[in-house]
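The sequence and the model are shown below, followed by notes grouped by topic.

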Amino acid sequence: MPINKMIGKTIKKKGLRQNWIVDQMNMIKPELKMNRNKFSAIVCGNRRMTGDELIAFCKATEINPDDLF
């Protein structure tokens, strides 16, 4: 399953909002300068997620990166 589908599934399963995840990712790693548009593009499959973004997402949602694969 593509990473964007796994991210969407994780968000839905945990009942999280994209705005909250974006805020958490920016607190974890401010240099990402993540915003709702970039994150939405990742979830929709229109943009690739970098390694740093993946790690910040996993920390924000408290999941193991291996669980996405």
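A residue is called exposed when its relative accessible area is over 50%, buried when that area is under 20%, and partly exposed in between. Glu 31, with a relative accessible area of 54%, is therefore exposed by this cut-off. The model discussed here is predicted.

**Packing of α1 with α4**

- Helix α1 spans residues 3–14 and helix α4 spans residues 51–61; their axes lie 12 Å apart and form an angle of about 15 degrees.
- Because angles under 35 degrees count as roughly parallel, α1 is roughly parallel to α4.
- The crossing in which α1 passes α4 is left-handed.
- On the α1 side, the residues that meet α4 are Ile 3, Ile 7, Thr 10, Ile 11 and Lys 14. On the α4 side, they are Leu 54, Phe 57 and Thr 61.
- Sorted by class, the residues of this contact between α1 and α4 are five nonpolar, two polar and one charged.

**Packing of α1 with α3**

- The axes of α1 and α3 come within 7 Å and cross at roughly 110 degrees.
- Since the range from 65 to 115 degrees counts as roughly perpendicular, α1 is roughly perpendicular to α3.
- Helix α1 contributes Asn 4, Ile 7, Gly 8 and Ile 11 to the contact. Helix α3 contributes Phe 39, Ile 42, Val 43 and Cys 44.
- The contact of α1 with α3 has six nonpolar residues, two polar ones and no charged residues.

**Buried residues of α4**

- Seven names make up the buried set in α4: Glu 53, Leu 54, Ala 56, Phe 57, Cys 58, Ala 60 and Thr 61.
- These buried residues pack against α1, α2 (18–28) and α3 (36–44).
- An α-helix has 3.6 residues a turn, so residues three or four places apart point the same way.

**Glu 53 and its surroundings**

- Glu 53 is found in helix α4 and counts as buried, at 3% relative accessibility.
- Leaving aside residues up to four places away in sequence, Glu 53 touches Met 25, Leu 32, Met 34, Ile 42, Arg 47 and Arg 48.

**Salt bridges**

- How many salt bridges does the structure hold? There are two.
- One joins the side chains of Glu 53 and Arg 47, at 3.0 Å from N to O. In this pair Glu 53 is buried, whereas Arg 47 is partly exposed at 28% relative accessibility.
- The other joins the side chains of Lys 29 and Glu 31, at 3.1 Å from N to O. Here Lys 29 is partly exposed, with a relative accessible area of 24%, and Glu 31 is exposed.

**The loop between α2 and α3**

- Glu 31 lies in the loop between α2 and α3.
- Between Glu 31 and Asp 52 there are 21 residues of separation in sequence and 9.7 Å in space, C-alpha to C-alpha.
- Lys 33 is also found in the loop between α2 and α3. Although Lys 33 is not a glycine, its phi is positive, at about 50 degrees.
- With 64% relative accessibility, Lys 33 counts as exposed.

**The loop between α3 and α4**

- Thr 50 is found in the loop between α3 and α4 and is partly exposed, with a relative accessible area of 37%.
- Thr 50 and Ser 40 are ten residues apart in sequence, and their C-alpha atoms are 14 Å apart in space.

- The phi of Glu 62 is near 55 degrees, a positive value in a residue other than glycine.

How values were computed: Residues numbered from 1 in each chain as written. Predicted model: local features only at pLDDT ≥ 70, side-chain atom pairs only at ≥ 80, totals over all residues. Heavy atoms only, no water. Axes fitted to C-alpha atoms, helices over the stretch in contact; angles between N-to-C directions. Helix = DSSP H or I, 4+ residues; strand = E, 2+ residues; numbered from the N terminus. Parallel < 35°, antiparallel > 145°, perpendicular 65-115°, else oblique. Left-handed = near helix turned anticlockwise from the far one by under 90°. Contact = heavy atoms within 4.5 Å. Nonpolar A, V, L, I, M, F, W, Y, C, P; charged D, E, K, R; others polar. Salt bridge = Lys/Arg side-chain N within 4 Å of Asp/Glu carboxyl O. Buried < 20%, exposed > 50% of the residue type's maximum accessible area, 1.4 Å probe, protein only.
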